[in-house]
Amino acid sequence: MFNDLVISGANSTKTNKSWTVLVSTIIQAAILGILILIPLIYTEALPKGMLTTFIVPPPPPPPPPPPAAAIQRIVKPVVHLIKNGQMMAPTVIPKKIEMIKEEAAPPDVGVSGGVVGGVAGGSAGGVLGGIIGGVGGAPPPPPPPKAHGPVRIGGQVQAANLLRMVQPVYPPIAKTAHISGTVVLHAIISKEGVIEKLEYVSGPPLLMKNAMDAVNQWRYRPTLLNGEPVEVDTTVSVVFTLGG
């Protein structure tokens with residue numbers, strides 16, 4: 001038995017044949033080819049991690065080009081040598097001397113025989129400023145604004161327009177109590193001169209009612225403002241004296 005296993009034996013027996021080696025090589029090549037073709041045919045059966053190793057990712061896109069540099073404009077200040085009609089001395093020495101040409105003034109359009117400084121298109125013989133002999137057909141001045149609401153006038157001024165004055169009755173209880181004084185009332189006089197609104201301001205309370213009854217019967221001349229009658233806001237003073 002040992003003589004069959006040891007190659008160096010004296011009585012060795014040759015067991016391998018050439019065709020067995022060829023068959024074995026063909027079988028191994030077929031198995032290896034099957035193992036290579038199976039992953040290519042059934043790709044969904046392979047894990048995703050193994051697929052990433054076979055698929056090479058595309059190269060990254062090239063970086064975008066750098067933005068173009070902004071063009072900076074250098075504005076040179078313009079030096080004006082004439083300011084307010086006067087020649088100004090330059091602050092720096094110019095590199096290039098240029099000739100200054102001023103535009104001629106526009107011709108005056110007027111009437112022969114007119115006055116210097118008159119209005120263009122005016123009439124001959126006019127006066128400077130157009131005070132006398134101005135251009136005809138000028139629009140009239142606007143009318144004065146109308147008054148909105150009563151006009152405030154002092155009591156003494158409005159008393160001069162009083163047409164009818166009713167004397168108040170002295171209350172007997174005030175005479176008995178020796179009460180006298182001045183009752184001040186606030187009145188709104190209509191455009192027709194009639195008392196529209198009357199309010200008590202100050203004075204003895206016992207004399208207030210009789211004073212208001214008398215003033216409500218007073219009549220005034222209509223007050224005119226710019227030729228039109230207006231309402232008047234004024235105060236009225238009624239004096240009560242025991243001697244009178």
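Contact here means heavy atoms within 4.5 Å. The model is predicted, so local features need pLDDT of at least 70 and side-chain atom pairs count only at pLDDT 80 or more, while totals for chains, interfaces and linings use all residues. Residues are numbered from 1 along each chain as its sequence is written, and side-chain values use heavy atoms, with hydrogens and water left out.

**Overall**

- The chain has 6 helices and 10 strands; these are DSSP runs numbered from the N terminus, helices being H or I of at least four residues and strands E of at least two.
- Of its 244 residues, 15% count as buried, where buried means under 20% relative accessible area, exposed over 50%, and partly exposed in between (1.4 Å probe, protein chains only).
- Among contacts between residues at least 6 apart in sequence, 63% join residues at least 24 apart.

**Sheet**

- An open sheet of 4 strands runs in the order β3-β10-β5-β6, with mixed pairing; two strands pair if DSSP finds at least two bridges between them.
- β3 (151-152) and β6 are the edge strands, each with a single partner, so one side of each has no neighbour in the sheet.
- β5 and β10 pair in the antiparallel sense over 9 bridges.
- Ile 188 stands opposite Asp 233 in β10.
- Ser 190 sits in the loop between β5 and β6 and is buried because its relative accessibility is 4%.
- Leaving aside neighbours within four places in sequence, Ser 190 is in contact with Glu 196, Val 230 and Glu 231.

- A nonpolar core is a set of buried Ala, Val, Leu, Ile, Met, Phe, Trp, Tyr and Cys residues joined through side-chain atoms within 4.5 Å.
- The largest such core has 19 residues, of which Leu 185, Leu 198, Val 215, Val 236, Val 238 and Phe 240 touch the most other members.
- β5 (181-189), β6 (195-202), α6 (205-215) and β10 (232-240) each supply at least two residues of this core.

**Salt bridges**

- A salt bridge is a side-chain nitrogen of Lys or Arg within 4 Å of a carboxyl oxygen of Asp or Glu, and by this rule the count is 2.
- Glu 199 forms a salt bridge with Lys 197, with the closest N and O atoms 3.2 Å apart.
- Glu 199 is partly exposed at 34% relative accessible area, and Lys 197 is partly exposed at 44%.
- Asp 213 forms a salt bridge with Lys 209, with the closest N and O atoms 3.1 Å apart.
- Asp 213 and Lys 209 both lie in helix α6, 4 residues apart, about one turn of the helix.
- Asp 213 is partly exposed at 37% relative accessibility, whereas Lys 209 is exposed at 55%.

**Surface patch**

- Trp 19, Val 23, Ile 27, Ile 31 and Leu 35 make a nonpolar surface patch of about 510 Å².
- Patches are made of residues with over 30% relative accessible area and no salt bridge, like charges being joined within 9 Å and nonpolar side chains (Val, Leu, Ile, Met, Phe, Trp, Tyr) within 5 Å.
- Ile 31 lies in helix α2 (residues 18-41) and counts as partly exposed because its relative accessibility is 47%.

Terms used:
Accessible areas come from the Shrake-Rupley method with a 1.4 Å probe; for residues, only the protein chains shown count as cover.
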